[in-house]
Amino acid sequence: MSTRIAFLKGHGTENDFVIIPDPENVIDLPPAAVAALCDRRAGIGGDGLLHVVRSAAHPEARAMAAEAEWFMDYRNGDGSVAEMCGNGVRVFAHYLQRAGHVAEGDITVATRGGVKTVHIAKEGDITVGMGKALLPEGDVTVSVGDRSWPARNVNMGNPHAVAFVEDLDHAGDLYTAPPFSPASAYPDGVNVEFVVDRGLRHVALRVHERGSGETRSCGTGACAVAVATARRDGADPAVTGTPATYTVDVPGGRLVITERPDGEIEMTGPAVIVAEGEIDAGWLETATP
C-alpha cells in the first residue's frame, strides 16, 4: 500500500461520504478500515464510503463493464457492504465529473443494485434513474419503545420498511435499529423510514439506515417513501398512466422523486464535494485491528 492515499469528502443532502478514488482496485479496504475512515471522532467521518473503481477492475462489476465504465463499490459506515445508495450515486457522479472522467449529460454507473443512469445538469442538481420498486407481499410492523406501526415493505435494490407516523419525534433517537416483525421479512436487516405529511404530494422523513444509524438523508429511502405514499394515496402510475411526483424533505435537505408509468423511478437532488486530501496509510494500518 502507498504511504499516502488520496481521498475526498462529499455529501448529498447531508448524507456524507468518504470518497476513495482507486480506478484499478489496488487499495485494500477491509471492513475495519472502512469503519475507521468513517469514524467521526478518530477518522475522517461519514455515513459511508464510496470506493471509485473501474468496473473492469472489480470482480463484482466486470459483467457490467460494457454498460458502465465506473463501479460504485459502496460500504456502510460500519464497513459492511451495501447494494445501493441513492445519495451516494449523485456524489459519485459529481466526483467523476470533477475528476474529468465524465462530462455533463447522461452517464451510467455500475452498482451492486445494477447499472444506474445518471443525468448531470449543466448547472444544479443531479438526477439518478433508480430503477423500479418491488413491493413484497405480507404485513410488516416496526416499533419504537411502546409504539408500533404497520409498515410498507419496499425494495429499491435494498430493503426498506416505511411507516407513517403522527410526529417524527415518535421515531426516537434511531441510534439503534428499530425492531421489526416478522423477522423473515428482512433476513439481512432493513432501512426504516418514519414519514409525516407536509402537504399535497409533500412528505418528510427520518431514517435509520442499516449499518449506519440515523442519517441526514437516504436516497433509496426517499424513493421507497414516495412509492409507499403514492400507493397509500391511491396513485399507481402503472394504472393511471400519469407520473407521480413527490417532494421528500429529509433532515439534510430536499429531494424530488418521480415514478413513471413504466415503473422507473427518478430522484433529483444536489451533490457537493467539500474537501480533498491524503490519508496516512500508516495511520490506517494502526487504526485497523
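**View 1. The largest nonpolar core of this predicted model has 52 residues.** A nonpolar core is here a set of buried Ala, Val, Leu, Ile, Met, Phe, Trp, Tyr and Cys residues joined through side-chain atoms within 4.5 Å, where buried means under 20% relative accessible area, exposed means over 50%, and partly exposed lies in between (1.4 Å probe, protein chains only). The residues with the most contacts inside this core are Met72, Val118 and Ile257, and the element that gives the most to the core is helix H3 (residues 219-232), with 8 residues. Helices (H or I, at least four residues) and strands (E, at least two) are DSSP runs, numbered from the N terminus. A second, separate core of 17 residues includes Val142, Ala163, Ala171 and Leu174. In soluble globular proteins, nonpolar side chains tend to be buried together. Because the model is predicted, local features need pLDDT of at least 70 and side-chain atom pairs count only at pLDDT 80 or more, while totals for chains, interfaces and linings use all residues. Residues are numbered from 1 along each chain as its sequence is written, and side-chain values use heavy atoms, with hydrogens and water left out.

**View 2. Val118 and its contacts.** Contact means heavy atoms within 4.5 Å. When residues up to four places away in sequence are not counted, Val118 touches Val89, Ala93, Gly105, Asp106, Ile107, Val109, Ile126, Thr127 and Val128.

**View 3. His58 lies in the loop between strand E3 (48-54) and strand E4 (70-76).** His58 counts as buried because its relative accessibility is 6%. Leaving aside residues up to four places away in sequence, His58 touches Asn25, Val53, Phe71, Asp73 and Arg112. The side chain of His58 also reaches the backbone nitrogen of Glu60 at 3.1 Å. Although His58 and Glu24 are 34 residues apart along the chain, their C-alpha atoms are separated by 8.0 Å.

**View 4. Helix H1 (residues 31-38) and its buried residues.** In H1, the residues Ala33, Val34, Ala36, Leu37 and Cys38 are buried. The buried residues of H1 pack against strand E2 (15-21), E3, E4, strand E18 (272-280) and helix H5 (281-287).

**View 5. Strand E12 (residues 191-199) is joined to strand E10 (residues 159-164) and to strand E13 (residues 202-209).** Two strands pair if DSSP finds at least two bridges between them. E10 and E12 run parallel and are joined by 5 bridges, with Phe164 standing opposite Val195 in E12. E12 and E13, by contrast, run antiparallel and are joined by 7 bridges, and here Gly199 stands opposite His202 in E13. The hairpin formed by E12 and E13 has 2 residues between the strands, and Arg201 in the turn has a positive phi of about 50°.

**View 6. Strand E15 (residues 244-250) is largely enclosed by the rest of the structure, because 5 of its 7 residues are buried.** E15 pairs with E13 in the parallel sense over 3 bridges, and Val203 stands opposite Val248 in E15. With strand E16 (residues 253-259), E15 runs antiparallel and is joined by 7 bridges; Val250 stands opposite Gly253 in E16, and a hairpin joins E15 to E16 through 2 residues.

Technical notes. A polar contact is a pair of N or O atoms within 3.5 Å; within protein, one must be able to donate a hydrogen and the other to accept it, and residues adjacent in sequence count only if both atoms are side-chain atoms.
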